[in-house]
Each structure stands twice: as structure tokens, then as C-alpha cells.
Amino acid sequence: MTDARALDGVRASYRTRAEEYIAALGSITQAHPDDVSLIRQWAGSLDGPVIDVGCGPGQWTELLRSMGVEACGVDPVPEFIESAGHVSPRTVSRRSSGAPERGLRHSGRRAGLVLTHPYRP
């Protein structure tokens, strides 16, 4: 299986449940206080921009921006990017191809808690 095919499978899975995901987790107020505290502590140590890989609906990207961190959200799911645009229209850019960002300088990366996405056709 190619990386592109795997990404297509992940994107399709999240698109199927995007509305439910956004309703359940689309606001930083829905995050556990310990998670918010951990991200705040980590972000306080940064000295440059952050790429929020797998930003989903953009709640973590907006938290980082509210702390003064230059943050850019990246997600292959169009519904998440649309939602993120409502949460934080000034911070989220669409990168739906899944291709790596070449030449983009950053001091940190925040990736979602889901680390693996097994593809099951």
C-alpha cells in the first residue's frame, strides 16, 4: 500500500465522522485541563513558529495563537479545515495533500494524540 492510499483511507474515515468529532472535541473548552496545561507549558518554551500537524478543528492551534505563538494548522480533512477556519480564521492553512512542508522553518510541532491510523479497506 502506498502512503497516498493510506492517507486517502485516513481522510475518508475522518470525513465520515467529522461532524461528530467536531461536536465532541472542536472547542478547547472540551479538552481536559491537564492536556491544556501540558500544551501551555510546552508552548511557553518555544521561540519560533509551530506547525500543528493534524490540527483537526483547530482548537489547539487557536490556543497556541492565543498565547502569542505563531501557529499554523495542517490537516488533510477538508471538514476540519473548514471548522478550523471558523475557530481561528487567521491561523489555519489548508494542506490537504499530505505532502511534507519543505523549507518551512519552525521551532515546534504539535501532533494529535492519535499516532497511528491503520488502514482497513
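User: In this predicted model, is the crossing of H2 and H5 left-handed or right-handed?
Analyst: Helix H2 covers residues 18-25 and helix H5 covers residues 78-87. Their axes lie 9 Å apart. The crossing of the two is right-handed.

User: At what angle do H2 and H5 pack?
Analyst: Two packed helices are described by the angle between their axes and the distance between the axes. For H2 and H5 the distance is 9 Å. The angle is about 35 degrees.

User: Which residues of H5 make the contact with H2?
Analyst: H2 contributes Ala18, Tyr21 and Ile22. From H5 come Glu79, Phe80 and Ser83.

User: How many residues of the contact of H2 with H5 are nonpolar?
Analyst: The contact includes 1 polar residue and 1 charged residue. The nonpolar count is 4.

User: How are H3 and H4 oriented to each other?
Analyst: Helix H3 spans residues 33-43, and helix H4 spans residues 59-66. They pack at an angle of about 50 degrees, with axes 10 Å apart. Angles under 35 degrees would count as roughly parallel, and 65 to 115 as roughly perpendicular. H3 and H4 are therefore oblique.

User: Which residues of H4 make the contact with H3?
Analyst: H3 passes H4 in a right-handed crossing. On the H3 side the contact uses Asp35, Val36, Ile39, Arg40, Trp42 and Ala43. On the H4 side it uses Trp60, Leu63 and Leu64.

User: How many charged residues are in the contact of H3 with H4?
Analyst: By class, 7 residues are nonpolar and none is polar. The charged residues number 2.

User: Which residues of H4 are buried?
Analyst: Buried means under 20% relative accessible area. Trp60, Leu63 and Leu64, which touch H3, are among the buried residues.

User: Which glycine follows H4?
Analyst: The glycine after the helix has a positive phi, near 90 degrees. This residue is glycine 68.

User: What pattern does the protein chain follow along the sequence?
Analyst: The secondary structure comes to 5 helices and 3 strands. Read along the sequence, the pattern is α-α-α-β-α-β-α-β.

User: What percentage of contacts between residues at least 6 apart in sequence join residues at least 24 apart?
Analyst: The protein chain has 121 residues, and 33% of them are buried. Among contacts between residues at least 6 apart, the share joining residues at least 24 apart is 60%.

Terms used:
Residues are numbered from 1 along each chain as its sequence is written. This is a predicted model: local features need pLDDT of at least 70, side-chain atom pairs count only at pLDDT 80 or more; totals for chains, interfaces and linings use all residues. Side-chain values use heavy atoms; hydrogens and water are left out. Buried means under 20% relative accessible area, exposed over 50%, partly exposed in between (1.4 Å probe, protein chains only). Helices (H or I, at least four residues) and strands (E, at least two) are DSSP runs, numbered from the N terminus. Axes are lines fitted to C-alpha atoms, for helices over the stretch in contact, and angles run from 0 to 180 degrees between N-to-C directions. Angles under 35 degrees count as roughly parallel, over 145 as roughly antiparallel, 65 to 115 as roughly perpendicular and the rest as oblique. A crossing is left-handed if the near helix is turned anticlockwise from the far one by less than a right angle, and right-handed if clockwise. Contact means heavy atoms within 4.5 Å. Ala, Val, Leu, Ile, Met, Phe, Trp, Tyr, Cys and Pro count as nonpolar, Asp, Glu, Lys and Arg as charged, and the others, Gly among them, as polar.
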